[in-house]
Amino acid sequence: MRRLRIAHAVAAVAALVLVAAGCGGSSTGSSGGKGDTLTLVSLGPPASLDPAKANVGSDNWFVNLTYDTLLRLDPNGKTQPALATEWGYVGSGNTDFEFKLREGVTFADGTPLTAEAVAASLNYTRKNGLNVSWLSSIESITATGPLSVRIHCATPNPVLPRLLDHVSLVGSVISPAGLADPAKMGTASFGAGPYVLDVGRTVSGDHYTYTPNARYWDKSKIHWKTVVIKVIPNPNSALQTVKTGQADVLNITAGQVDTAKSGGLEISNTPLFTLGVDLVDRAGTVAPPLKDVRVRQALNHAVDRDSITKALVQQYGQPTTQVALPGADGFSAETDRRYPYDPAKAKQLLTEAGYPNGFSFDMETTNLLGMDLVTQAVVEQWKQIGVNAKVTTDTSVGQWLANATSKKFPVLAFGYGAAPTYLMSLDWLLPHATAFNPFASEDPELTRRLTEAAAAPADRQGARYEEVLRYVVDQGWFVSVMRMDGIYAFNGKKLSGFTSAPNYLPDVAWVVAPR
């Protein structure tokens with residue numbers, strides 16, 4: 001699960017670059033037909049081609065091409081049918097969920113896609129995947145008919161439709177042949193998606209080639225004769241390739257936007273993740289001052305979010321004091337400005353808490369996503385109120401995780417992608433959320449609010465989760481600094497459908513097509 005959380009945060013680090021290239025570097029075809037070759041370029045290889053073990057964000061395109069999911073998130077952020085045509089909670093309390101499968105679907109190998117096969121796939125994922133904590137509430141998954149499946153949860157889980165879509169990867173359905181020999185899923189495909197992995201034209205870690213699935217249930221979704229994902233580590237070279245017409249789309253940083261525009265490329269962007277500082281030692285185990293809510297509030301008031309955001313990402317980000325992204329169930333425009341920049345107020349709160357001269361502590365950050373740059377800016381501003389942080393900067397995900405969970409650092413930099421508040425609670429807010437709550441901070445009032453919100457009817461959940469996250473912000477659990485956009489530069493004359501679902505990556509398996 002730790003790798004899933006991190007992947008959610010480092011989706012942009014993967015810098016998946018989309019390139020539409022036919023023979024001689026151009027794409028062919030027209031709207032409604034097939035283009036020749038769509039080439040996706042990634043800065044790194046996937047963790048695995050097994051959907052249960054792939055990283056959300058960085059590995060989605062590798063997996064989504066070959067594994068259809070039960071549901072789909074459309075470009076407007078709405079849940080749509082895919083392998084499942086009907087779905088919903090049964091009764092009240094959000095503990096039982098049923099869905100009905102599409103008739104006549106087969107896996108790419110010709111095996112019928114049945115309720116028994118789907119239940120077996122979901123059970124494999126919840127027991128063996130990286131995302132087991134997101135699925136920890138599930139007690140059983142059973143076939144209740146040839147095409148119907150029921151999920152029973154021991155405790156309320158209000159986000160099962162989101163977990164079953166193509167973004168989370170949980171709903172990726174694996175064939176019985178794949179489940180019979182899971183080791184093979186790392187190098188071959190066993191799905192029911194629009195494409196299959198061409199093993200003969202794939203070199204693991206270098207390039208991955210996909211061809212259409214002749215048995216796919218909706219051939220109108222197959223827009224390309226071939227899809228290739230190349231692993232190329234240099235994003236600057238990729239941008240130059242697009243500018244010179246050899247490629248058509250790539251994920252870029254805010255600093256590359258002007259260069260991309262000067263080359264005639266179009267820009268698509270959407271808020272993708274939040275950056276800031278996690279005050280994890282809320283009981284004061286290592287840094288005693290952090291036990292006092294007034295100290296945590298002081299650290300928030302001491303940060304000039306407007307200036308940091310403008311300096312680091314220009315208009316491709318927004319200052320914020322909350323973790324939730326716009327459109328998420330816990331987002332509140334009011335909470336965005338909970339802590340105005342006020343060093344005098346910060347000093348007053350420190351004095352009231354008994355620290356008129358400030359204090360010092362150790363802090364961990366990483367160069368992923370530019371978190372180190374945010375950390376540097378925050379630390380410099382904290383010095384103005386007498387608070388000094390000794391910063392350790394990690395350069396790999398593994399090192400970051402090891403330090404984050406070591407309990408040596410009372411303060412951690414964070415980068416977090418879009419997620420419903422229920423999933424955020426499993427990552428951040430509950431005592432067992434070990435990756436982003438390593439000191440197991442516990443607040444009975446917060447736990448009560450989360451429990452009530454998870455069981456609430458859908459029409460009341462948004463308001464309940466807004467209250468939850470407003471409470472978290474008031475308690476100063478984090479020093480959120482800014483939302484940062486995921487930015488794509490692309491040749492709009494060649495591609496259609498290149499849009500992102502709110503807060504997520506573009507859907508290359510279904511939506512991106514030749515113009």
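A crossing counts as left-handed if the near helix is turned anticlockwise from the far one by less than a right angle, and right-handed if clockwise. This is a predicted model, where local features need pLDDT of at least 70, side-chain atom pairs count only at pLDDT 80 or more, and totals for chains, interfaces and linings use all residues. Residues are numbered from 1 along each chain as its sequence is written, and side-chain values use heavy atoms, with hydrogens and water left out.

**View 1. Helices α9 and α11 cross in the right-handed sense.** Helices (H or I, at least four residues) and strands (E, at least two) are DSSP runs numbered from the N terminus. The axes of α9 (residues 305-313) and α11 (residues 371-383) come within 11 Å and cross at roughly 150°; axes are lines fitted to C-alpha atoms, for helices over the stretch in contact, and angles run from 0 to 180 degrees between N-to-C directions.

**View 2. Here's who touches whom between α9 and α11.** On the α9 side look for Ser-307, Ile-308 and Leu-312, and on α11 for Leu-373, Val-374, Ala-377, Val-378 and Gln-381 (contact means heavy atoms within 4.5 Å).

View 3. Strands pair if DSSP finds at least two bridges between them.

**View 4. Zooming in on β7 and β8 (residues 148-153), six antiparallel bridges join the pair.** Ser-140 has His-152 in β8 as its bridge partner.
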